[in-house]
Amino acid sequence: MDNDVSAGSTSASASTLGHLALGLTLLAFGLGHTGVLDGITAASAATVALFVGGITLFVAGLLEFRVGDSFNGTAFAGLGAFWFTWGTASGESALSGDAAGLFLLLWALLALSLTLGAAGGGLLAQVMYGLLFVSLLLLGIAQFADAGMPAKVAGWVAALSGLLAWYGATAAWAKWPTALPGRAAGRGVTATG
């Protein structure tokens, strides 16, 4: 790596890469669960999950740790481990529904931690991780209950979370807004007159 590159630009690049990888993986994973595209299933997203979600997110997490961003480092490396594991185990018939449900519920705890940890990072990140939590929770429940409807709803929730991740990364490049407009905290409304 070039020593002339500032840590801030490296962190911004790694964060953008991480959010793009997360967005694309969640979109593929979510749409696969919805059944809205003929012939596309959740297992169809295994390659994307393995390489884009698993490896790319993990590397983005390591880059974030390198520049001192422990939240994004944890988020990206942790989710990279999730996607890598899911991508390699996807389609294994030896895995019981209960084991798959437990796997998803345990990773939902990571998503819940990320949701709570993102409180200082803006509403967009908090909603994105919150939707990921809801999606994994619903998928875990669907595995335990052997029910298709919660999995389809979870797919739509995951796809929405993926769109938010994609928007956040694209907004960083395009200089689009990522915060909701409103008045600053602690300021009252003043009348002019």
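This is a predicted model: local features need pLDDT of at least 70, side-chain atom pairs count only at pLDDT 80 or more; totals for chains, interfaces and linings use all residues.
Where does tryptophan 107 sit? Its place is in helix α4. Setting aside neighbours within four places in sequence, tryptophan 107 is in contact with Gly78, Ala81, Phe82 and Leu136. Now take leucine 132: from tryptophan 107 to leucine 132 is 25 residues in sequence, and the C-alpha atoms are 9.9 Å apart in space.

Next, the helices. Helix α4 covers residues 97-117 and helix α5 covers residues 123-145; they pack at an angle of about 165°, and their axes are 8 Å apart. An angle over 145 degrees counts as roughly antiparallel, and α4 and α5 are therefore roughly antiparallel to each other. Their crossing is left-handed. What kinds of residues make up this contact? There are 16 nonpolar, seven polar and one charged.

Finally, the core. The largest nonpolar core has 33 residues, and those touching the most other members are Leu22, Leu79, Trp83, Trp86 and Tyr129. Two or more residues come from each of α1 (7-34), α2 (46-66), α3 (70-89), α4, α5 and α6 (148-174). Which helix gives the largest share? That is α5, with seven residues.

Let me finish with tyrosine 129. Not counting residues up to four places away in sequence, tyrosine 129 touches His19, Leu22, Phe71, Ala75, Phe76, Leu79, Ala111, Leu114, Thr115 and Ala118. Among these, Leu22 and Leu79 were also on the list of core residues that touch the most other members.

Methods: Residues are numbered from 1 along each chain as its sequence is written. Side-chain values use heavy atoms; hydrogens and water are left out. Axes are lines fitted to C-alpha atoms, for helices over the stretch in contact, and angles run from 0 to 180 degrees between N-to-C directions. Helices (H or I, at least four residues) and strands (E, at least two) are DSSP runs, numbered from the N terminus. Angles under 35 degrees count as roughly parallel, over 145 as roughly antiparallel, 65 to 115 as roughly perpendicular and the rest as oblique. A crossing is left-handed if the near helix is turned anticlockwise from the far one by less than a right angle, and right-handed if clockwise. Ala, Val, Leu, Ile, Met, Phe, Trp, Tyr, Cys and Pro count as nonpolar, Asp, Glu, Lys and Arg as charged, and the others, Gly among them, as polar. Contact means heavy atoms within 4.5 Å. A nonpolar core is a set of buried Ala, Val, Leu, Ile, Met, Phe, Trp, Tyr and Cys residues joined through side-chain atoms within 4.5 Å. Buried means under 20% relative accessible area, exposed over 50%, partly exposed in between (1.4 Å probe, protein chains only).
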